[in-house]
Amino acid sequence: MTVTGKVGKDALGWVLPHEHAFIDLRRLVPSPVGIAQQKLAGEQVELRNFGKLMRNPYAVLDNAVIDEEDVVRDELLQFKKAGGKTFVDLTLRDIGRDPVLLAGLARELDLHIIAGCGYYVRGSHLPDMDDRTVESITEELLREITVGIDGTAIKAGVIGEIGTSEIIYPNERKTLIAAALAQKETGLGLHVHTDLYTENGYEIVDLLTKHGAAAEKICINHIDVDIRMPYIKDLCNLGVYVEFDNFGKEFYADKRDRSVLRGLFARDIERVKAIKQLIDWGFLSQILVSTDVCLKTCLHRYGGWGFDHMLTNIIPMMEDAGITPRQIETLMCHNPAQFMDNGES
């Protein structure tokens with residue numbers, strides 16, 4: 001299900017399964033400490049502070065929001081020109097989702113855009129989340145999947161990315177359980193945002209499957225920041241998808257900055273080598289790959305690699321590492337189509 005209607009999974013082509021056309025994460029950025037940091041936080045993203053943003057991507061608050069329609073249109077067009085066909089937007093209501101805007105871009109650019117549903121991490125939850133029940137959240141998800149989002153006829157085609165933090169807070173557990181119940185009811189794929197430096201995937205998969213979610217429809221996101229192969233292999237053995245979705249982000253987040261990020265980001269070549277190892281272990285059909293663009297500096301306009309990075313730069317890197325063209329097509333076409341397919345004709 002796309003924001004402009006239903007399409008067959010064979011029509012999806014080359015897919016980015018985890019992206020954000022528009023997003024606003026500013027509420028999740030800790031307040032800067034010190035006069036110099038406060039001054040930097042108030043700047044706009046530009047070349048003179050680009051180096052600082054490679055060490056602390058949230059040092060400039062402007063980097064945490066993507067909201068310029070003309071810029072996003074140009075970036076999506078570059079993805080299309082590179083051969084891309086389907087763009088999965090996992091921005092949720094609490095961090096800037098706009099289904100009408102997505103539908104307009106999908107029609108204008110002739111792209112398949114798929115919207116997500118659910119709730120992100122605790123820090124972005126609505127003020128009344130304590131009062132919401134699993135049942136009410138489940139009803140909301142089912143309504144957005146079967147009827148439409150925010151009073152429109154635009155339907156969600158995937159669940160998530162459901163947010164979890166360094167520890168899984170009670171309200172995050174509620175949203176996970178509701179997502180599991182909605183997955184069981186609809187058969188849709190379910191994306192889960194996990195903390196970048198912990199191994200919460202075990203607990204998340206256990207919770208979701210105990211509440212009826214199918215393991216083969218669960219995707220554990222962000223396993224490619226601090227790459228731990230035993231952990232990733234364990235997740236694959238549980239039957240879920242694992243997602244390498246930080247291609248293009250090669251930061252080193254200095255812990256002294258007290259940022260959202262807390263350390264090393266792997267390099268793209270390390271991500272590719274890890275994928276090759278997983279393929280050699282027999283897990284080709286359980287891997288998703290994307291760029292999870294959520295910062296201005298990920299975009300071409302602001303010095304990044306853009307939405308076409310996978311197609312333009314990473315595919316050649318994969319080929320150099322011994323991943324075959326057929327395996328690459330499985331990673332970028334067949335796997336995301338299978339993950340999102342709910343079996344309906």
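Glutamate 19 stands opposite aspartate 89, a residue of strand 4. The model that shows this is predicted: local features need pLDDT of at least 70 and side-chain atom pairs count only at pLDDT 80 or more, whereas totals for chains, interfaces and linings use all residues. Residues are numbered from 1 along each chain as its sequence is written, and side-chain values use heavy atoms, with hydrogens and water left out.

Strand 1 is joined to strand 4 (residues 84-89) by 4 bridges, and the two run parallel. Strands here are DSSP runs of E with at least two residues, helices are runs of H or I with at least four, and both are numbered from the N terminus; two strands pair if DSSP finds at least two bridges between them.

In helix 4 (residues 99-109), the buried residues include Leu101, Leu105 and Leu109. Buried means under 20% relative accessible area, exposed over 50% and partly exposed in between, for a 1.4 Å probe and protein chains only. The buried residues of helix 4 pack against helix 3 (69-81), strand 4 and strand 5. Just after helix 4, aspartate 110 takes a positive phi of about 55 degrees.

Rings of Phe, Tyr and Trp (its six-membered ring) pair if their centres lie within 6.5 Å; planes under 30 degrees apart count as stacked, over 60 as edge-to-face and the rest as tilted. The ring centres of tyrosine 202 and tyrosine 231 are 5.3 Å apart and their planes stand at 70 degrees, so this pair is edge-to-face. Tyrosine 202 belongs to helix 7 (residues 201-210) and tyrosine 231 to helix 8 (residues 229-237), 29 residues apart. Tyrosine 202 is partly exposed, at 33% relative accessible area, whereas tyrosine 231 is buried, at 4%.

Key: Contact = heavy atoms within 4.5 Å.
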